[in-house]
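These are my notebook entries on a structure that I looked up. I began with a sheet and then turned to charged pairs, rings and the surface.

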Amino acid sequence: MPALRITKRSVDALQAGERPFIAFDSDLAGFGVRVMPTGVMSYVVEYRPHGGGRRVAKRRVTIGKVGAVTPEQARKAAADMLAQVRLGADPAADKASQRQAATVAELVEAFRAEHVEGKLKASSGLSYRAALDRLTAAHGSLKAEALTRGQVATLHSKMRESPYAANRALATWSKMFSWGMKRGLVRKGENPAREIDRYREDKRERFLTSEELARLGDALREAETVGLVYQVDESKLKAKHAPKAENRRVKLDPYAIAAIRLLILTGARLREVLDARWSQVDPERGVLFLEDSKTGRKPVYLSAAAQKVLAALPRIEGNPFIIAGHGPRKKREAEKGAKGSDSDTPQGSPRADLKKPWAAVCRAAGLDGVRLHDLRHSFASFGAGASLGLPIIGKLLGHTQAATTARYAHLDADPLRRAVDTIGSTIVAAMDGRKGGEVVPMKKAAK
């Protein structure tokens, strides 16, 4: 049919036929209205991609249905699209690619399979999986390229009660999109998880004092000799069958006690101690060579005190781990009361964790709010307080970055203490009028 000027009046005048047809605009070549036999009409754009001539097949893109889009809006969209074609773009191909683009859920699954499961340690993967599950639940069906920074920021703000977890989740999402761009699963462009303000994290530093260490030592000795006192809920019916108050004591697992001692004596991480094997111990050099830790291969240097702990531990036949876990067995009521018992673990496995024995020891020692990881901080704090130097402390802890060890710099009080003592004695001598005082003259500035 002949071309016409596409306006609301001319579009309303179009009549459906037995076959679909396109009424093209007389002013803008390629812009038209497609009329279906059912009477449904849509604005379309036809063009030949990449500046092709008549030998190049035409491609068609639908702008929108008549009624949902005004003729003026459709004309502007068509003009913009045709301008992009002249610059070498292919809107139809882009639209098809967008339909095939990965959804957030698909991107998450690909990232999880290749990066999280393939490259991360099991402990690191836990936080990654939690963050990815949260993103999938919120926007899994959305195209990954359509996810906006505002949507990610909103999801991040919903986690504000847990600022540390919220910031780790944001870092995970950002990492996933960067990974997706490198793999070609997402078009290169703006990462929706970047440029979002993180929550302030108050770094928790808890160091045991000498007095607290003494109480901890007393509690450990009590746990392995006479046993720790455990509480019974007198309100429960079974309480009447419990032992008398003076007999409510239970000894904790010697391997759990040894693990706690090794944590404070070596500054090692929890899993480094629990997963250590006898075959990794070099008694001549006094070193525990870990094949795999958070920072890769790592030597854990064993002091005489730590070696004494290892020497006192019996080896269990068939179990290669230093901190051996118990095979399947029934828990005793007394152990339940002390909250220091083991869960059933397979024969030949390491101990699963130290949560219950550590809670029992902390109660006995009167240590409130002390985590197992604080033993590592305490190890470092005593090293810093003895002015051993941050590089040495970093090597003992297995830090790969000097900045990680720098958090203990303020604990190196010896130089400051010597300085303040010198200044104080000088001032007192001057105030007392003692000419023999150690008055340190100030140097004159060079002219």
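**Entry 1. The three-stranded sheet**

I looked up an open sheet of three strands, whose order is β7-β8-β9 and whose pairing is antiparallel. I counted two strands as paired if DSSP finds at least two bridges between them. Helices (H or I, at least four residues) and strands (E, at least two) are DSSP runs numbered from the N terminus. The model is a predicted one, in which local features need pLDDT of at least 70 and side-chain atom pairs count only at pLDDT 80 or more, while totals for chains, interfaces and linings use all residues. I number residues from 1 along each chain as its sequence is written, and side-chain values use heavy atoms, with hydrogens and water left out.

I then followed the pairings. Strand β7 is joined by two bridges to β8 (residues 287–290), and the two run antiparallel. D282 has V287 in β8 as its bridge partner. The hairpin of β7 and β8 has four residues between the strands, and there G286 takes a positive phi near 70°. Between β8 and β9 I noted four bridges, again in the antiparallel sense. L290 stands opposite K298 in β9.

**Entry 2. Salt bridges at the sheet**

I applied the rule that a salt bridge is a side-chain nitrogen of Lys or Arg within 4 Å of a carboxyl oxygen of Asp or Glu. By this rule I have 23 salt bridges.

D282 and R285 meet through their side chains in one of them, at 2.5 Å from N to O. For burial I used relative accessible area: buried means under 20%, exposed over 50%, and partly exposed in between (1.4 Å probe, protein chains only). D282 counts as buried because its relative accessibility is 14%, whereas R285 is exposed, with a relative accessible area of 64%.

K298 takes part in a salt bridge with E272, and the closest N and O atoms are 2.8 Å apart. E272 lies in helix α10 (residues 270–274) and K298 in strand β9, so the pair ties together parts that are 26 residues apart in sequence. Are these two residues buried or exposed? E272 counts as buried because its relative accessibility is 6%, and K298 counts as buried at 4%.

I next looked up E46, which forms a salt bridge with R60; the closest N and O atoms are 2.7 Å apart. This pair links distant parts of the chain, with E46 in strand β3 and R60 in strand β4 (residues 59–65), 14 residues apart. E46 counts as buried at 13% relative accessibility, while R60, at 44%, counts as partly exposed.

**Entry 3. Aromatic rings**

I paired rings of Phe, Tyr and Trp (its six-membered ring) if their centres lie within 6.5 Å; planes under 30 degrees apart count as stacked, over 60 as edge-to-face and the rest as tilted. How many aromatic pairs does this rule give? The count comes to three. F31 and Y43 form a stacked pair, with 6.1 Å from centre to centre and 25° between the planes. F31 is in strand β2 (residues 31–35) and Y43 in strand β3 (residues 41–47), 12 residues apart. Both F31 and Y43 are buried. I also noted one aromatic cluster, formed by F111, Y128 and W179.

A charge sits over a ring if NZ of Lys or CZ of Arg is within 6 Å of the ring centre and within 35 degrees of the ring normal. R168 has its charged end over the ring of Y164, 4.5 Å from the ring centre.

**Entry 4. A loop residue**

F207 has its place in the loop between α7 (163–183) and α8 (210–224). F207 counts as buried, at 19% relative accessibility. The C-alpha atoms of F207 and F382 are separated by 8.9 Å, although the two residues are 175 apart along the chain.
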